[in-house]
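Please keep the sequence and the 3D view at hand while reading.

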Amino acid sequence: MRSKILAMLFLGLIIPAVCSAQAIKPGKWTGSVTPPEQDEVAVTFDVLVFGDSLGVVIHAGEHGDFVVTSGHYADKTISFTFVPGGPTVHCVLKENAESVYAGDCLGDDGSLATMKMVPPKEM
């Protein structure tokens with residue numbers, strides 16, 4: 001009986017830790033965008049999490065704020081769409097070894113930009 005209780009306590013501690021390690025953290029993220037044929041622009045992201053759906057606002061300083069649509073997280077990949085004043089842009093960012101999400105953003109007009117999203121550090 002005692003070993004069953006210990007096993008259940010162990011599982012009760014391990015399973016939530018494993019699940020939370022795979023979750024996206026809400027909060028203020030940092031990062032950058034490199035538009036086609038332009039210099040890198042520092043940006044911040046307000047990230048909200050609703051299960052596997054994401055609410056994100058991109059703050060690009062003097063370039064403006066952009067609300068993303070269709071924000072989604074699965075298999076260590078963030079994907080979303082936004083409209084930065086021109087064509088609609090679709091981004092797919094994959095988590096790398098440094099826990100940074102990086103990848104390409106493809107515009108409906110064929111333009112290609114790169115983006116990085118860095119989650120907040122845990123305290």
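In which strand does Ser-70 lie? Ser-70 lies in strand E5, which covers residues 69-74; strands (E, at least two residues) and helices (H or I, at least four) are DSSP runs, numbered from the N terminus.

## Basis of the report

The model is predicted, so local features need pLDDT of at least 70 and side-chain atom pairs count only at pLDDT 80 or more, while totals for chains, interfaces and linings use all residues. Residues are numbered from 1 along each chain as its sequence is written, and side-chain values use heavy atoms, with hydrogens and water left out.

## Positive phi angles

Ser-70 has a phi near 55°, a positive value in a residue other than glycine. Most residues other than glycine have a negative phi. Ser-70 counts as exposed, at 59% relative accessibility; here buried means under 20% relative accessible area, exposed over 50%, and partly exposed in between (1.4 Å probe, protein chains only).

Glu-37 likewise has a positive phi, near 55°, and is a residue other than glycine. Glu-37 is placed in the loop between E1 and E2 and, with a relative accessibility of 86%, counts as exposed.

## Salt bridges

How many salt bridges does a search of the whole structure find? The search finds two, a salt bridge being a side-chain nitrogen of Lys or Arg within 4 Å of a carboxyl oxygen of Asp or Glu. One joins the side chains of Lys-28 and Asp-46, at 3.0 Å from N to O. This pair links distant parts of the chain, 18 residues apart: Lys-28 belongs to strand E1 (residues 27-34) and Asp-46 to strand E2 (residues 41-50). Lys-28 is partly exposed, with a relative accessible area of 47%, and Asp-46 is partly exposed at 29%.

In the other, the side chains of Glu-40 and Lys-116 meet at 3.8 Å, N to O. Glu-40 is in the loop between E1 and E2 and Lys-116 is in strand E9 (residues 112-118), so the pair ties together parts 76 residues apart in sequence. Lys-116 is partly exposed, at 39% relative accessibility.

## Surroundings of Ala-102

Lys-116 is also one of the residues that Ala-102 touches. Ala-102, in strand E8 (residues 101-107), is partly exposed at 28% relative accessibility. Not counting residues up to four places away in sequence, Ala-102 also touches Val-92, Leu-93, Lys-94 and Met-115, where contact means heavy atoms within 4.5 Å. Between Ala-102 and Thr-77 the C-alpha to C-alpha distance is 9.1 Å, and the two are 25 residues apart in sequence.
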